[in-house]
Structures are given as C-alpha cells and as structure tokens.
Amino acid sequence: MRRQDSGSYGQCCLQDTFKLFHSGSTADHFIVHPSLFLTLCSLLFLSETMEEAANTTEIPPAVPVLLERQVRQRKPAVSVLKSKLKQAVTCSVPRIRSTLSGFFPVMRWLPKYNIKEYVWGDVMSGMIVGIILVPQAIAYCLLAGVEPIYGLYTSFYANIIYFLMGTSRHVSVGIFSLMSLMIGQVVDREVFLAGFDLNEDSAVSNIDVLNDTLGINLTVTKVHTVELMGMQCGKECYAISIAVAVTFLAGVYQVLMAVFRLGFVSVYLSAPMLDGFATGASFTILTVQAKYLLGLKIPRHQGYGTVVVTWVNIFSNIHKTNLCDLITSAICISILVAAKEIQERYKDRLKMPLPTELVVVAGATLASHFGELNSRYGSSVSGHIPTGFMPPQLPGFSLMSRVVLDAIPLAVISFAFTVSLSEMFAKKHGYTVRPNQEMLAIGFCNIIPSFFHSFTTSAALAKTMVKDSTGCKTQVSSLISALVVLLVLLFFAPFFQALQKCVLACIIIVSLRGALRKFRDVPAKWRASRNDAIVWLVAMSATALISVELGLLVGIIFSMICFIFRTQNPKVSLLGRVDDTDFYEDLEEYKNLVPPSRVQIFRFQAPLYYANKESFLKSLYKAVGVEPFLELTKRKKAEKKAKDASVKQAKANGEKNNGDVVVRLVQRELEFHTIVLDCSAIPFIDSAGLAAFLELVKEYKGIGVSVLLACCNTSLIDTLQKGKFFGKNDEDMGSLLFHTVHAAVVHANRAAAATDSRSDDSEV
C-alpha cells in the first residue's frame, strides 16, 4: 500500500510538470531543453508501469544462481615429470649451496650467530645438560643391556650430528629411556637365543681387567662365544653388535621415510596413544630396574608378560635381598626425590637445575670405592669403563635379518618423539622446523654412530625442558654437551668403576616420575573425552602387561578402530530455523528453533564412505520417520486391498470396475514433501557414498518426496559430477544443489506450491 501511494504521488508531480511544458509560457523553454522533456516523459511512463505492477500480485523471488567454478587446466603428467626431472638434474653453484645448506642447516644459522646475545645461555644450558647426561647415559645402559661406555659414545655422537643437521634450536637428542628399554628387550632376547647365560655378572670382565693391569694370566672356566664377522665374540661383544644392528636398520628406515616423504606415518600415533604407550613403557622400566634396587640376581624375562613375571620372581626371591643395595637405594631415592620436589617448588627462583644426579653419582662412587661395598657385601657395580674411543667397525650385517622387524617400531617412535618435541618448542619460541629434515637428522644420528658402537637415539623431553629453562638459544648448547661427555670419555670414565648399579637404577626410576604421574590425569581425561581416555588405558595396559612392541601395535590399531567407530556412528540431527533469519541449527541442541513447514533438514557430521553408508541411511530414515521401501510396500498393500474391496463391491452391485479409480485414494499424505541434506559437515564421499545419494533420490522420488543437497564443498561436488548425480551434462544441478540451506528450503516450497497449483488446475 505504501508503494502505491508513493507511485501515485510521483505520477501526479510528473503530470503537473508535463502540463507546464504544454502551456504557452513554456514553449520557448521546451525548444531550448528537449532532452529534459524526453526524460520527464520516460519517468512518467515508468511511474505508470510501476503503479500497474504494484496493483498486481507480488513477483516471486528469483531462483538463486549457482556459483561459477573456475576452470583449472592441469598440465599433462609427462610434462610435469619432465620439468621436475630437469629441475632436479640442473646443477649450479647457488643450487649446490642451497642443497648443502638444506642438508646441513648449521650452515644457515651459524654464520649469523650472535655471540653477545646467545653464547652465555648456550654455554650454561650445554654444560648443565652435559652434567645431567653423563650419569643418565651410564644408567640407561642397564636398560639397553650393554656396557656403560656405549651410552657415553651414543650421547657424544648424537649431539654432534644433530648440531649439524637438526632444525630445532632447543631439542636435546641422545640416549632415551624408552629407546633403551626397546633396545634392551631385543638384545636380551638375541643374547639368550645365542646361548649366553643372562645370570652372568661382571666377574669375567674383572678378571680380564686384572690380567691387563698386572700382566699375569689368570684362567677361568671356558667362556661361551659365538663367531661373528670372522671373530669370536663374547656376551658383551654380541650384545653391542645386536644393538648396533638394530640402530643401523632404524636409521636406514628413517632416512627412507624422509626420502619418500613418509612422515605422515606419525599421524597415526595420536597423543593419547603415545601418552599411554609411554606410561606403560615407564611402568615396564620401573619393573625391570626394581631388581637392582634390591640387589637381586634375576635375569630379564623373555617373551610376553614381563611386568607380571618379573614381579612374581622378585617376590619369590625377596629373601635374597642385598641389604647394602637396599639401604643405598633408599638413601639415593630420598635425595633425588627431595631435590626434584625442591626444584619444582622453587623453579622460579632457581636460575639453573640442581645437578643432583651428578652429586649422587659422585658421592655413591666414593662411598662404594672406599667402603669396598663390592668385595665386602657383594653389591653389583658398573665395572671398568675404559677411556678413549674404540676404532670404528661395520655393523653386523649377518645379524640384521634377525632384527629387521624390531627396528621398525624403534624408527617410528624415535621419529615421532623427535618431531613432536621439535614442533612443540618451535611453536613456543616462534620459529619453524622442517619435519622431513628432522627425520633425516635423527636417521643419521642412528646410522653414523652405529659404526662407532652406539645404539638408538631420540629426542628426550626432560633434557629438552632443561635446555629451554636454562636459556638455550641454539644447538651450540648440544656441542657444549658433547664436549662435557668427551671430557668424561677421555679422563673421568674409569672413576665410575665402583659405582653401584642400584644407584643407576635409582636415577632411572626417579626420572620416570613425570610419566608415572599420568595416572593422576586419568579422571580428567575421562571427563574431557572418554574416547581418548579409553585409548590411553588400552595402550598403557597392553604395553605394560603384554610387551612394548605389541603395546605400540595394539595402541595404534585400537585408536584407529575408535576413529572408525566414531565415523560409523556420528552425530546426526534435524535442523530448524532461527526466527526469521536464514540460519538453521540443531533442533536438539538449541531452543526456540522452528522447523520449516513440510521440509526435513538432515545433517550428517562425518565423511560418507563404504564403512558408514548403512549407518547414514538408517539414521536418515529414523530421523525423518519414513523409510521409502516400507512406505511403498504399505501403499501397495493398501492399494491392493482397496482394489479387492472395490471389485467385490462392484460385483455385489453388478457393475464393472477394474479398481484403477482407487489408486489416488490410498496415497498417504506425508508430513513433508522435501528432504534437504545439509552436507556442510561431510568432508568427502566415496563411490559407496555416491551410491547412497543416488539411492536416496530414487527411492524417495518413488513416494513423492524430493531430496536436495545444500552446503556441499567443491570436492564433494566434483565427486557428484563425476558420478552423474546431476544428470547428463549436469542439467539438474540447478534443481538439486544449493549453496545454502535456506535457498534449498525456499526452492522446495516454491516447487511444492507449483505442483499443488497444477494438480488443482487438473482437478478443475
């Protein structure tokens, strides 16, 4: 009505102006300004047209136009391959420099090293980490089943290689408790299969040291040896040969993963699974080291159920506890735990971590040496640790066939921990790392040291946090840590000969406090996400109760099963409209939503693929309350029944009736005429999902219900186009696909209204 008033007012004004131009006083004005006269005539005609349009029925809104996709011309695969090959084989000085600096990132940042700003933090953090690293390197050799000197070798070479090749500024790479445990299980298994006695202590090695020192020839019973690479190899030699073979293979796997860009494998190691795996492995480490706290001579169990069997053996031999080792363990654990608690409580005031491990090792070594705890009380000690370096030696290639599968979990776990720590601290300090280069770096941290009697390495969280808290700026700190280890290798290693193994076990066990505290977080995990909590519990239990390798496999498989289960049973919902807006949301989750009249809007929040196709169909049928096949069956039964009744009635009345007139009478009126599928939460579909869409459209069309799609992403649209979902040459795309839910609802109502009007006209 307001539009009509304004139109009439405008027309009156234009007519008055037009009359003025036709009066005698304005004839000259008309001759001078003909364009103005023509413009006014046009406006007068337009105003009359607008008035007529306003008096008629309102024009329906235009159908929303589909967005036009950009045409992408892909180059032929042959030309792309040729260009890449040409680029790969092109050789120039800048390219060589770029390749070398990419392979050795130290060439990029070391020339820009700011001595005044960085050197103090790097030197301090490097020295502190080196001091912590020495006792841990010796202690973790108990886990790895090798002599202490090899832990020092491993820490020295790994720090230097990562300094040259790593992209993280803060990660500390070296000996790691979890890697040592996994190496130790392989070493003990192969040593046992080779016929060596796992109960042997260091008596033989002490005899050898005495022979070398005094120049005499003391004989003992014949020692079992095996032939390896043309020479006779004893237990110690065979153990490090196995560790080196596993390490070499793990490094080769990591380098191959980097070359073929297979870093995505770590994606399947979810955070809850890794946490559970690390906690279960920590419990296994605690169990393996418990015998050293009590001074029991119990061989490591071979096979599954290490934790259970070891604790059974410990309690069955508890009467053989060495009181000297027990007292020493109690004192060392008390000092280490107290120091850790003080450090955590006053970490803001302490400028650097307390070197508690080194103090405990030094004090325990002096007490054991001057108290003669080994000879008097039978306490197990580390034994002779030689100075200097052993000549390089090729890994035992003949052993690799025995450990080719054992190296796979080592390679994956080592890479996963290194990359995750690198990215975590890079994000914290505002720089970037290259995961592929990290894989290369950790791979060569295993390959090269394997020629120098070292075993598998990885980034360690505890030492990395120490580096970060003590002002580390670059990997120069790793070089300083390597120099600290070098000093021990060259001068101070023999002083650790009298160090008790129970002291080393105390250092290992206290270092597990962080991982074992994860048990306190289980209730919070359960409240936050039951799925993640279950994955954590399964991975932890399988690792602790079965074995470390199988625990990792079980954790990966179970986490993937949980993901598949979630995609098979995703959240589905019917949507309603928010007031008079174009916004639609879940009717169950929000209040005051109005479902559209005779239109059902269904949302499926998961990818649609072969595994959840049936779940998608069933959930849709249940949500809308109509299953096409059952509805069609009901209609056919009702039609047949009506036909039979009509024929009987006709026979009774003596009339002829074929029953066709009753077909329309049995068509049940549904509560809706259209289903709109909100595809905004469907990232992709496969051929099974496409078949499900086609099946829906066909089946619901049979009962007079239309199926429309809304909010599809481009990949989903491409899949539908390739499957001819929109007909030949996509002729039906405009009537089946809409960019918003509201556009689909408007189109559905308009189409239903047009259909009803046609049916009314036909009836008339």
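These legends describe close-up views of one predicted model. Local features need pLDDT of at least 70, side-chain atom pairs count only at pLDDT 80 or more, and totals for chains, interfaces and linings use all residues. Residues are numbered from 1 along each chain as its sequence is written, and side-chain values use heavy atoms, with hydrogens and water left out.

**View 1. Helix H22 is mostly covered.**
Helices are DSSP runs of H or I with at least four residues, strands are DSSP runs of E with at least two, and both are numbered from the N terminus. H22 spans residues 501-510, and ten of its ten residues are buried. Buried means under 20% relative accessible area, exposed means over 50%, and partly exposed lies in between (1.4 Å probe, protein chains only). Among the buried residues of H22 are Lys501, Cys502, Leu504 and Ile508. What do the buried residues of H22 pack against? Their partners are helices H7 (115-144), H12 (271-294), H14 (323-345), H15 (356-371) and H23 (513-516). Here, contact means heavy atoms within 4.5 Å.

A salt bridge is a side-chain nitrogen of Lys or Arg within 4 Å of a carboxyl oxygen of Asp or Glu. Glu341 pairs with Arg517, and their closest N and O atoms are 3.1 Å apart. Glu341 is partly exposed, at 34% relative accessible area. Arg517 is also partly exposed, at 27%. Glu344 and Arg513 form another salt bridge, at 3.6 Å from N to O. Is Arg513 buried or exposed? Arg513 counts as buried, with 15% relative accessibility. Glu344 is partly exposed, at 38%.

**View 2. Four charged residues form a network of salt bridges.**
The linked residues are Arg189, Glu190, Arg402 and Asp406. The structure holds 17 salt bridges.

H20 covers residues 461-469. Lys463, Thr464, Val466, Lys467 and Asp468 are buried there. Just after H20 comes Gly471, with a positive phi of about 90°.

**View 3. Strand S5 pairs with S8, S6 and S7.**
Two strands pair if DSSP finds at least two bridges between them. S5 (residues 572-578) runs antiparallel to S8 (residues 599-604), with three bridges joining them. Ser573 has Arg603 as its bridge partner in S8. Three bridges also join S5 to S6 (residues 584-586), again antiparallel. S5 and S6 form a hairpin with five residues between them. In that turn, Asp579 has a positive phi of about 50°. S5 and S7 (residues 593-594) pair in the antiparallel sense over two bridges. Which residue is the bridge partner of Arg577 in S6? That partner is Tyr584. In S7, the partner of Arg577 is Val594. In a regular strand the side chains alternate between the two faces of the sheet.

**View 4. Arg577 also meets Asp582 in a salt bridge.**
The N to O distance is 4.0 Å. Asp582 is exposed, with a relative accessible area of 53%. Arg577 counts as partly exposed, at 25%.

**View 5. Ser375 reaches back to the backbone of Glu372.**
Ser375 lies in helix H16 (residues 373-377). Its side chain reaches the backbone oxygen of Glu372 at 3.4 Å. Ser375 counts as exposed, at 60% relative accessibility.

**View 6. The largest nonpolar core has 102 residues.**
A nonpolar core is a set of buried Ala, Val, Leu, Ile, Met, Phe, Trp, Tyr and Cys residues joined through side-chain atoms within 4.5 Å. Which members touch the most other members? They are Val146, Leu152, Leu178, Tyr238 and Met273. Helix H11 (residues 235-259) gives the most to this core, with 14 residues. Leaving aside neighbours within four places in sequence, Met273 contacts Tyr268, Val535, Ala539, Leu552, Gly555 and Ile556. A second, separate core has 48 residues, including Phe616, Tyr621, Val676 and Phe738.

Methods. A polar contact is a pair of N or O atoms within 3.5 Å; within protein, one must be able to donate a hydrogen and the other to accept it, and residues adjacent in sequence count only if both atoms are side-chain atoms.
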